[in-house]
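User: I am new to this structure. Please walk me through it in short questions and answers.

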Amino acid sequence: MSLKVTMNCLKSILITGHLLFYQPVSAQQNFTSLTDILQQKQQLLGKDLVMMVANKDTIVYKKEMGEFKSKTAAPIASASKWLTAALVMILVDEGKISLDDNVVNYIPEFGKYFKSYITIRQCLSHKTGIKEEGGLLKNLLQRRKYSSLEEEVNAIAAREIQAKPGTEFRYNGMGLNIAGRILEVVTKKKFDQLIKIKLFAPIGMRQTSFTNIDMGAVNPSGGAKSTADDYMKFLTMLLNKGNYKGKQIISEESVEAMLQLQTNLDEIHSAPKAAEGFNYASGSWVIEEKGNSLKSQEGGKVATALACPGLFGTWPMIDFCRGYAYIVFVKNLLGEERAGAHLEIKAVVDEQFKNTCQ
């Protein structure tokens with residue numbers, strides 16, 4: 001090989017290496033507008049917050065503000081529902097349950113109170129038809145009297161029916177807790193132990209737990225504590241069709257099932273202010289949707305973006321069309337204004353990713 005050819009090859013290698021070296025820096029600079037809007041919304045969201053954005057399985061943005069860090073553990077309230085729904089799908093993959101199984105098949109107590117036709121699918125989508133007794137505060141106080149999830153769910157079985165199962169959406173914690181109890185019956189393991197074995201341990205969510213330190217009933221619908229780092233692992237697993245670092249945690253078919261819309265807007269009779277105007281899937285809210293834009297087992301509309309906000313301010317979200325996930329982890333109560341702020345933040349993140357569903 002001549003000296004001239006050799007020098008040209010070396011020059012090409014150096015130029016390529018130079019461009020690759022600067023690529024992450026350039027990509028990071030694209031998120032300047034995201035940092036700007038976070039600073040603008042910091043007072044509204046809460047002075048202590050963490051935001052992380054992942055593309056596929058790579059963290060491309062991370063911002064810690066105030067005294068809140070990505071390893072700080074805090075209650076995540078209703079963001080727990082997404083974790084519980086995923087655990088249900090793991091048991092579906094194992095052939096132990098089906099989403100269209102009747103609850104009474106596993107918990108005979110429901111048959112005693114003429115609730116034999118409620119399905120697991122309806123539990124994940126708040127369409128059990130069971131009347132909620134009291135508001136949020138009353139229910140939180142009421143839960144303290146139960147020593148186990150079994151005791152709580154048996155009490156739920158005795159409550160009044162206010163709508164035919166599957167016809168009305170009313171957001172509450174009953175359905176996810178019924179589903180959690182079914183998993184206990186099927187596996188003969190306590191819910192907090194089961195989700196650690198099947199979901200948290202395989203993807204390294206070491207700081208996440210449903211264990212109730214007060215020794216009361218475990219709460220699958222809202223009792224988890226986690227960190228931004230841990231929850232992001234869960235989000236990237238779903239974003240990558242159930243795969244986490246080469247290990248299939250949930251099947252692609254089950255992830256697709258979690259994208260299917262379970263409601264029409266006219267079925268929604270009760271929803272938090274922060275979620276009004278949105279449909280619901282299984283354990284999460286539908287932020288964006290499109291008919292048949294993604295593979296659907298039933299041929300209906302599917303979600304292209306999902307979110308599962310918690311009362312304390314945690315806002316996890318996945319945009320499947322743009323191929324990213326993000327979490328805003330805030331130790332603060334979520335209000336209607338903050339929900340609007342999160343949608344503004346999403347619009348800024350959207351600008352950095354190509355929409356593959358158009």
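Analyst: First, a definition: buried means under 20% relative accessible area, exposed means over 50%, and partly exposed lies in between (1.4 Å probe, protein chains only). The model is predicted: local features need pLDDT of at least 70, side-chain atom pairs count only at pLDDT 80 or more, and totals for chains, interfaces and linings use all residues. Residues are numbered from 1 along each chain as its sequence is written, and side-chain values use heavy atoms, with hydrogens and water left out.

User: Is Lys41 buried or exposed?

Analyst: Lys41 has a relative accessible area of 17%. The cut-off for buried is under 20%. Lys41 is therefore buried.

User: Which residue forms a salt bridge with Lys41?

Analyst: A salt bridge is a side-chain nitrogen of Lys or Arg within 4 Å of a carboxyl oxygen of Asp or Glu. For Lys41 and its partner, the closest N and O atoms are 3.2 Å apart. Lys41 lies in helix 2 (residues 32–45) and the partner in helix 12, so the pair ties together parts 303 residues apart in sequence. The partner is Glu344.

User: How many residues of helix 8 are buried?

Analyst: Helices here are DSSP runs (H or I, at least four residues), numbered from the N terminus, while strands are E runs of at least two. Helix 8 covers residues 174–187. Its buried residues include Met174, Leu176 and Thr187. Helix 8 is largely enclosed by the rest of the structure, because the buried count out of 14 is 12.

User: How far apart are the end C-alpha atoms of helix 8?

Analyst: The expected span of a helix is 1.5 Å times one less than its number of residues. For the 14 residues of helix 8, that should give 20 Å. The end C-alpha atoms agree, at 20 Å.

User: Which residues are linked with Arg322 in a network of salt bridges?

Analyst: Arg322 forms a salt bridge with Asp319, with the closest N and O atoms 2.6 Å apart. Arg322 counts as buried at 16% relative accessibility, and Asp319 counts as buried at 0%. The residues linked with Arg322 in the network are Glu288, Asp319, Lys346 and Asp350.

User: How many salt bridges does the structure hold?

Analyst: Another pair is Glu94 and Lys198, at 2.7 Å from N to O. Glu94 and Lys198 are 104 residues apart. Glu94 is partly exposed at 33% relative accessible area, and Lys198 is partly exposed at 26%. The structure's total is 19.
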